Amino acid sequence: MSDALTIPPEAPSVAAKKPRRGRPPKTEREFADTRDALIRSGLEVITEMGYLSAGIDAVIKNISVPKGSFYHYFASKQDFGMAVLTSYGAFFAHKLDKFLLNDALAPLQRIGAFVDHAGQSMARFEFKRGCLVGNLLQESPLLPDDFPEKLKAILQEWESRVARCLEEAQRAGGINSGTPPAQLAEIFWSGWEGAVMRAKLFRSAEPLNQFWAYFQKNIQ
């Protein structure tokens, strides 16, 4: 999301190391740590390059996993891509909760805080990374069959969070629109993904701010 739907800065970047040789790790902890490192690297690579252009070499370049051992953790690139997408969807849902469930702010202020944070996150990565989900939506006609359904499920999770926040704003009188919050949330995410892509193109957070100002004006 952002972040906006960008790769969250909280997710640590993988450290540059020479690939290790030998057998894959034997303990469950080593297995989990290596698998997580691969997923974090995949988040970086796929968010910048897209799924179709991303290769295994790029994923393992900065982590200590030999190419031959990649398939010890993932059966295929498709399996790996789904794990990366699932991880990103869950992480970003948690990030949305951090902002949208903040009772210290009015509902629309919470969304505004998310927008501000998203712009700052994109700027931190020089606008090279946008939203993993948004990137994959553009590739969806060519993706493996199970990806589009997963993308829809993730978007619905994000939409439900924004819808609850908008419903709260509606009850408090902060929204004058008679459009159901669920529909408003769908409109928000459709516009947001376009704003994120435009922000990448112009290397500026202004498209995010413009979209939020326009959306907010039309519901108040």
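Does Glu-193 count as buried or exposed, and at what relative accessibility? At 7% relative accessibility, Glu-193 counts as buried. Buried means under 20% relative accessible area, exposed means over 50%, and partly exposed lies in between (1.4 Å probe, protein chains only).

The model is predicted: local features need pLDDT of at least 70, side-chain atom pairs count only at pLDDT 80 or more, and totals for chains, interfaces and linings use all residues. Residues are numbered from 1 along each chain as its sequence is written, and side-chain values use heavy atoms, with hydrogens and water left out.

The average pLDDT of the protein is 88. This score is the predictor's confidence in each residue, from 0 to 100. A pLDDT of at least 70 is reached by 86% of the residues. Residues 1-25 fall below 50. Beyond near neighbours in sequence, this stretch still has 97 contacts in the model, a contact being heavy atoms within 4.5 Å.

The protein has 10 helices and zero strands. Both are DSSP runs numbered from the N terminus: helices are H or I with at least four residues, strands are E with at least two. Of the 220 residues, 47% count as buried. The protein exposes about 11100 Å², by the Shrake-Rupley method with a 1.4 Å probe; for residues, only the protein chains shown count as cover.

In soluble globular proteins, nonpolar side chains tend to be buried together. Here the largest nonpolar core has 63 residues. Such a core is a set of buried Ala, Val, Leu, Ile, Met, Phe, Trp, Tyr and Cys residues joined through side-chain atoms within 4.5 Å. Trp-158, Phe-188 and Trp-192 have the most contacts inside it. Helix H5 (residues 77-100) gives the most to this core, with 11 residues.

Helix H5 also holds Lys-95. Lys-95 is buried, with a relative accessible area of 3%. Its side chain joins that of His-117 in a polar contact of 3.2 Å. A polar contact is a pair of N or O atoms within 3.5 Å; within protein, one must be able to donate a hydrogen and the other to accept it, and residues adjacent in sequence count only if both atoms are side-chain atoms.

Glu-193 sits in helix H9 (residues 181-202). Glu-193 and Leu-208 are 15 residues apart in sequence. Their C-alpha atoms are 9.4 Å apart in space.

Two cysteines are also buried: Cys-131 at 1% relative accessible area and Cys-165 at 2%.
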